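Please report on the fold of this chain, its strand pairing and a few selected residues. Keep it brief.

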Amino acid sequence: MSYDNNMQVIVSKVTSDNPKAPVMRVTTEIDGQKLKAGLWVWERKDGSPVLDKQGKKQYIGTYE
């Protein structure tokens, strides 16, 4: 299998003073189209985070 720089996903943490800013950003390119996504901690209606089987927070977001 050869390595292709165009077939990658970049995940980076966001540092911001804005409380509505995403926790992480994701960038990728699919079929020549660049996509960006913002990720926030996934929370239930009571404000508690949604956890995976290992007890780690899960994230949810939108892409543009």
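Predicted model: local features only at pLDDT ≥ 70, side-chain atom pairs only at ≥ 80, totals over all residues.

Residues are numbered from 1 along each chain as its sequence is written, and side-chain values use heavy atoms, with hydrogens and water left out.

**Overall form**

The protein chain has four strands and zero helices. Read from the N terminus, the order is β-β-β-β. The radius of gyration is 15 Å, well over the 11 Å that the globule rule gives for 64 residues, so the protein chain is more spread out than a compact globule. That radius is taken over C-alpha atoms, and the globule rule is 2.2 Å times the number of residues to the power 0.38. Helices (H or I, at least four residues) and strands (E, at least two) are DSSP runs, numbered from the N terminus.

Along the principal axes, the C-alpha atoms fill a box of roughly 45 × 30 × 20 Å. Of the 64 residues in the protein chain, 14% are buried. Buried means under 20% relative accessible area, exposed over 50%, and partly exposed in between (1.4 Å probe, protein chains only). Among contacts with a separation of 6 or more, 13% are between residues 24 or more positions apart. A contact means heavy atoms within 4.5 Å.

The protein chain exposes about 5,900 Å², and carbon and sulfur atoms supply 52% of that area. Accessible areas come from the Shrake-Rupley method with a 1.4 Å probe; for residues, only the protein chains shown count as cover. The protein chain carries 10 positive and 8 negative charges, whose mean positions are 6 Å apart. Lys and Arg count as positive and Asp and Glu as negative, while His and the chain ends are not counted. The place of a charge is NZ of Lys, CZ of Arg, CG of Asp or CD of Glu.

**Strand pairing**

Which strands pair, and over how many bridges? The table lists the pairs. Two strands pair if DSSP finds at least two bridges between them.

| Pair | Residues | Sense | Bridges |
|---|---|---|---|
| S1 and S2 | 9–13 and 24–30 | antiparallel | five bridges |
| S2 and S3 | 24–30 and 33–41 | antiparallel | seven bridges |
| S3 and S4 | 33–41 and 59–63 | antiparallel | five bridges |

Lys-13 stands opposite Met-24 in S2. Glu-29 has Lys-34 in S3 as its bridge partner, and Ile-30 has Gln-33 in S3. Gly-38 stands opposite Thr-62 in S4.

**The S2–S3 turn**

S2 and S3 form a hairpin with two residues between them. Asp-31 lies in this loop. Its phi is positive, about 50°, although Asp-31 is not a glycine. Most residues other than glycine have a negative phi. Is Asp-31 buried or exposed? Asp-31 counts as exposed, at 82% relative accessibility.

**Arg-25 and Val-14**

Arg-25 sits in strand S2. Arg-25 is partly exposed, with a relative accessible area of 42%. Beyond its neighbours within four places in sequence, Arg-25 is in contact with Ile-10, Val-11, Ser-12, Val-14 and Ala-37.

Val-14 lies in the loop between S1 and S2. Its relative accessible area is 24%, which makes Val-14 partly exposed. Val-14 and Arg-25 are eleven residues apart in sequence and 6.8 Å apart in space, C-alpha to C-alpha. Leaving aside neighbours within four places, Val-14 also contacts Pro-22, Val-23 and Met-24.

**Leu-39**

Leu-39 is in strand S3. What is its relative accessibility? At 19%, Leu-39 counts as buried. Leu-39 touches Pro-22, Val-23, Met-24 and Val-26, as well as Tyr-59, Ile-60 and Gly-61, not counting residues up to four places away in sequence. Leu-39 and Lys-56 are 17 residues apart along the chain, and their C-alpha atoms are separated by 15 Å.
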